[in-house]
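Open your viewer and switch to a cartoon view. We will go stop by stop, with something to select at each one.

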Amino acid sequence: GTGGDTGTGNGDGAGNRAQGGNTGTGQRLIAYLVPADPALGIPATDDLRAHLAAGLPDYMIPSIFIELAAFPLSPNGKIDRAALPVPDGSRPELAGGYQPPTTPTEQLLAGIWANLLGVDQVGVRDNFFDLGGHSLLATQTITRIRAVLGVDLPLAALFDQPTVGGLAPLVDGANGTSRPPIVPVDRDQRLPLSFAQQRLWFLAQLDPDSAEYNTPSAIPLPGDLDVPALRAALTALVERHEVLRTRLVADADGIPHQVIDPPAGFDLPVISVASEQEVQALIAADVATPFDLAAGSLLRASLIRLADQEHILALCMHHVISDEWSAKIFHRELLALYDAFRAGEP
């Protein structure tokens with residue numbers, strides 16, 4: 001649409017420059033563009049978004065457009081993603097210009113958005129989703145508004161009014177409607193299942209041999225690996241999160257409830273293999289093995305050793321205790337704990 005070349009990446013972690021980088025709490029899709037005419041440059045950001053919106057769903061439209069004189073190339077002539085510039089936290093230039101927030105509510109909302117979206121400033125007319133917001137960040141935004149402003153807004157409010165200027169009147173008009181905070185309940189009582197847990201438990205009763213809701217993950221661990229530190233990190237992570245120690249057990253009347261097991265050492269078998277084919281076979285066999293929601297842990301892990309300096313941590317969890325968002329938290333905390341234990345730190 002620009003007469004030149006483009007490239008996109010989904011920033012998914014600190015230091016992941018090969019995918020475009022990530023400067024904030026949420027993920028942002030970044031487009032790199034080389035204009036056909038350097039003198040004219042690339043079109044305005046709003047024009048680019050409008051052009052892409054004609055053929056792409058909202059979640060595929062980049063939030064940041066970066067102009068390059070040329071794509072950096074690797075020695076073999078391919079685009080060197082690691083050399084693509086990581087965007088800073090400055091707000092993308094929108095055609096409408098920047099209009100600063102003025103009222104206290106607008107200023108607080110702009111601060112919440114800037115923090116969650118990883119940008120320096122948010123204007124009154126800036127669109128939350130144009131700045132990189134998505135449904136998960138929208139949920140966090142509503143939660144943050146509740147915590148900071150004491151107002152409970154429905155998630156739909158942000159989709160209906162995706163600008164600070166549009167949302168602020170809803171916040172001001174909702175004073176006094178805050179709900180009481182969520183607090184932990186006594187673990188000594190019988191704990192009911194959530195609606196999502198009920199659904200997955202019911203499906204498991206219909207087909208107990210199904211592995212459809214197994215969620216695998218393979219983490220490459222190159223270099224010198226400290227196996228005791230990794231096992232300690234897994235033990236600490238399971239201790240930290242109750243849901244990783246939770247089973248779904250039915251009583252004599254067939255009504256299920258949650259049972260949270262006490263923390264215990266994590267079993268991490270080490271399996272030596274000679275080829276990638278054996279690795280794939282082991283992972284495939286694990287993924288095809290169903291979980292018993294009532295009998296045992298809903299998290300399995302094994303350490304596959306290809307060589308002294310090449311390991312793969314094969315994880316498998318049932319969807320009833322994990323999803324894509326929480327899996328990212330799991331991986332981030334696991335690596336942080338591993339680094340700490342390996343260094344002898346708390």
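Is the crossing of H7 and H9 left-handed or right-handed? Select both helices and look: the crossing of H7 and H9 is right-handed. A crossing counts as left-handed if the near helix is turned anticlockwise from the far one by less than a right angle, and as right-handed if clockwise.

**Before going on**

This is a predicted model, in which local features need pLDDT of at least 70 and side-chain atom pairs count only at pLDDT 80 or more, while totals for chains, interfaces and linings use all residues. Residues are numbered from 1 along each chain as its sequence is written, and side-chain values use heavy atoms, with hydrogens and water left out.

Now colour by pLDDT, the predictor's confidence in each residue, from 0 to 100. The protein chain has a mean pLDDT of 85, and 87% of its residues reach 70 or more. Select residues 1-26 next: the pLDDT there is below 50, and this stretch has 67 contacts in the model beyond near neighbours in sequence. Contact means heavy atoms within 4.5 Å.

**Stop 1: H7 and H9**

Go back to H7 (residues 227-240) and H9 (residues 324-342), which pack at an angle of about 130° with their axes 8 Å apart. Axes are lines fitted to C-alpha atoms, for helices over the stretch in contact, and angles run from 0 to 180 degrees between N-to-C directions. Helices (H or I, at least four residues) and strands (E, at least two) are DSSP runs, numbered from the N terminus. H7 and H9 are therefore oblique to each other; angles under 35 degrees count as roughly parallel, over 145 as roughly antiparallel, 65 to 115 as roughly perpendicular and the rest as oblique.

Show side chains: residues of H7 including Leu-230, Leu-234 and Arg-240 meet residues of H9 including Phe-330, Glu-333 and Tyr-338. The residues of the contact of H7 with H9 divide into twelve nonpolar, no polar and three charged. Here Ala, Val, Leu, Ile, Met, Phe, Trp, Tyr, Cys and Pro count as nonpolar, Asp, Glu, Lys and Arg as charged, and the others, Gly among them, as polar.

**Stop 2: the sheet**

Select S4, S9, S8 and S7: these four strands form an open sheet in that order, with mixed pairing. Strands S4 (214-222) and S7 (270-272) stand at the edges with a single partner strand each, so one side of each is left without a neighbour in the sheet. From one strand to the next the twist averages 25°.

Zoom in on S8 (residues 299-307) and S9 (residues 310-318), which pair in the antiparallel sense over eight bridges. Two strands pair if DSSP finds at least two bridges between them. Click Leu-299, whose bridge partner in S9 is Met-317.

**Stop 3: H2 and its partners**

Select H2 (residues 104-117) with H5 (residues 164-173); their packing angle is about 120° and their axes are 9 Å apart. H2 passes H5 in a right-handed crossing. Among the residues making the contact are Leu-109 and Trp-113 of H2 and Leu-167 and Val-171 of H5.
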